[in-house]
Amino acid sequence: MKIFREPGKLQKWCRARKLAGKRIALVPTMGYLHEGHLSLIERARRKGADEIVVSVFVNPVQFGPNEDFAKYPRDEKADLAKCRAAGATAVFFPTPANMYLPRHSVYVNEEDLSRGLCGARRPGHFRGVCTVVAKLFNLTHPDFAVFGQKDYQQAQVIRRMVRDLNFDLQIVVAPIVREPSGLARSSRNTYLSAEERERAVAISRGLKGLRGLKGLKGLKGELEKAGLKVDYVECVDAETLEPRKRVEKGCCVLVAAYCGKTRLIDNILI
Ligand code: AMP
């Protein structure tokens, strides 16, 4: 498994692999890898990628000033071992300084799908995501890139960016991997105490039991009953992300809620 830290070196290697006729898959992550991330690598393997490039980068540009950039969990050694075991062929560990040169001044803005949901609560978040993902696409020239449904809005925003900027690659979205309790796996779960972890299960349980809960109000009530602070509970059209009154086929119901200080997200496609 190759390890790259410098964007230029990664780009040169990917170009050579591409010229050699290899199919390249990209799996972008912020590291502290868990089963959810590994399922994306596995998906890339099953889709027949010859080279699977996993990027591990806590991208400062997608964090707001009061968010958890500084304390976001990092464990390079464990991530390397997991990537190797999962079948990645290259790992990219850049630093903020080599991804964003002095006077970096070009950003990618998606202006439709990123307006609501997390985009509304985290100003500048998707600008940071689109910018770094566009850079990763240009560094790796992947045939396809794998994202998780866990970050549903992100996957839709990236799809739109690929369509509207004519990136020559396919976006693959893999299902949400959960803990046995139902809690969606997330690097941020490490912030949760044992007691918070139990209360956080209300999110996945609520989404799964949406029918019995009489819609979004019932779901919100369940979350509050578990002591979570609801950031949003919304039902939207799964394609356009426009609000939908009724929870019906073709919708996605998304939740963001604080469990203590930890902001958790989850969703379900109807
Ligand atoms: P992150 O490291 O949290 O930025 O996530 C990197 C990629 O892994 C994104 O495409 C996420 O949607 C995906 N991912 C994170 N958690 C999960 C999960 N529980 N199941 C599936 N994919 C996930």
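Predicted model: local features only at pLDDT ≥ 70, side-chain atom pairs only at ≥ 80, totals over all residues.
An open sheet of six strands is present, ordered E1-E4-E3-E2-E5-E6. Its pairing is parallel. Strand E1, residues 2–4, stands at one edge and E6 at the other. Each has a single partner strand, so one side of each is left without a neighbour in the sheet. From one strand to the next, the twist averages 25°. Strand E2 covers residues 24–29 and runs parallel to E5. Two bridges join E2 and E5. Within this pair, leucine 26 stands opposite alanine 145 of E5.

Helix H1, residues 7–19, touches E1, E2, strand E3 (51–56) and strand E4 (90–92). The direction of H1 makes about 165° with that of E3. Helix H2, residues 35–46, touches E2, E3, E5 and E6. The direction of H2 makes about 150° with that of E5.

Valine 91 lies in strand E4. Its relative accessibility is 0%, so valine 91 counts as buried. Leaving out residues up to four places away in sequence, valine 91 touches Met1, Lys2, Ile3, Phe4, Val54, Val56, Leu80 and Cys83. Glycine 119 is 28 residues from valine 91 along the chain. The C-alpha atoms of these two residues are separated by 29 Å.

Phenylalanine 144 belongs to strand E5. At 0% relative accessibility, phenylalanine 144 also counts as buried. With neighbours within four places in sequence set aside, its contacts are Arg23, Ile24, Ala25, Leu26, Ala44, Lys47, Ala49, Gln170 and Val172. Glutamate 222 is 78 residues from phenylalanine 144 along the chain. The C-alpha atoms of phenylalanine 144 and glutamate 222 are separated by 39 Å.

Helix H7 comprises 13 residues, 152–164. At 1.5 Å a residue, H7 should span 18 Å. Its end C-alpha atoms are 18 Å apart, which agrees. Of the 13 residues, 10 are buried, so H7 is largely enclosed by the rest of the structure. The buried residues are Tyr152, Gln153, Gln154, Ala155, Gln156, Val157, Ile158, Arg160, Met161 and Val162. These buried residues pack against two helices, H5 (117–121) and H6 (125–140). They also pack against strands E5 (144–148), E6 (170–174), E8 (251–259) and E9 (262–269). Just after H7, asparagine 166 takes a positive phi of about 55°.

On H6, the contact is made by Phe126, Val129, Cys130, Val133, Ala134 and Phe137. On H7, it is made by Gln153, Gln154, Val157, Ile158, Met161 and Val162. An α-helix has 3.6 residues a turn, so residues three or four places apart point the same way.

A further open sheet is formed by three strands in the order E7-E8-E9. Its pairing is antiparallel. Strand E7 (229–237) and E9 are the edge strands, and each pairs on one side only. With direction ignored, neighbouring strands of this sheet are turned by 10° against each other on average. Eight bridges pair E7 with E8 in the antiparallel sense. Valine 233 has valine 255 of E8 as its bridge partner. Helix H8, residues 194–208, packs on this sheet and touches E8 and E9. The direction of H8 makes about 20° with that of E9.

H8 also meets helix H9, residues 215–225. The axes of H8 and H9 come within 9 Å and cross at roughly 160°. That makes H8 roughly antiparallel to H9. The crossing of H8 and H9 is right-handed. In H8, the residues involved are Ala202, Ile203, Gly206 and Leu207. In H9, they are Leu219, Glu222 and Leu223.

Methods: Residues numbered from 1 in each chain as written. Heavy atoms only, no water. Helix = DSSP H or I, 4+ residues; strand = E, 2+ residues; numbered from the N terminus. Expected span 1.5 Å × (residues − 1). Buried < 20%, exposed > 50% of the residue type's maximum accessible area, 1.4 Å probe, protein only. Contact = heavy atoms within 4.5 Å. Pairing = 2+ DSSP bridges. Axes fitted to C-alpha atoms, helices over the stretch in contact; angles between N-to-C directions. Parallel < 35°, antiparallel > 145°, perpendicular 65-115°, else oblique. Left-handed = near helix turned anticlockwise from the far one by under 90°.
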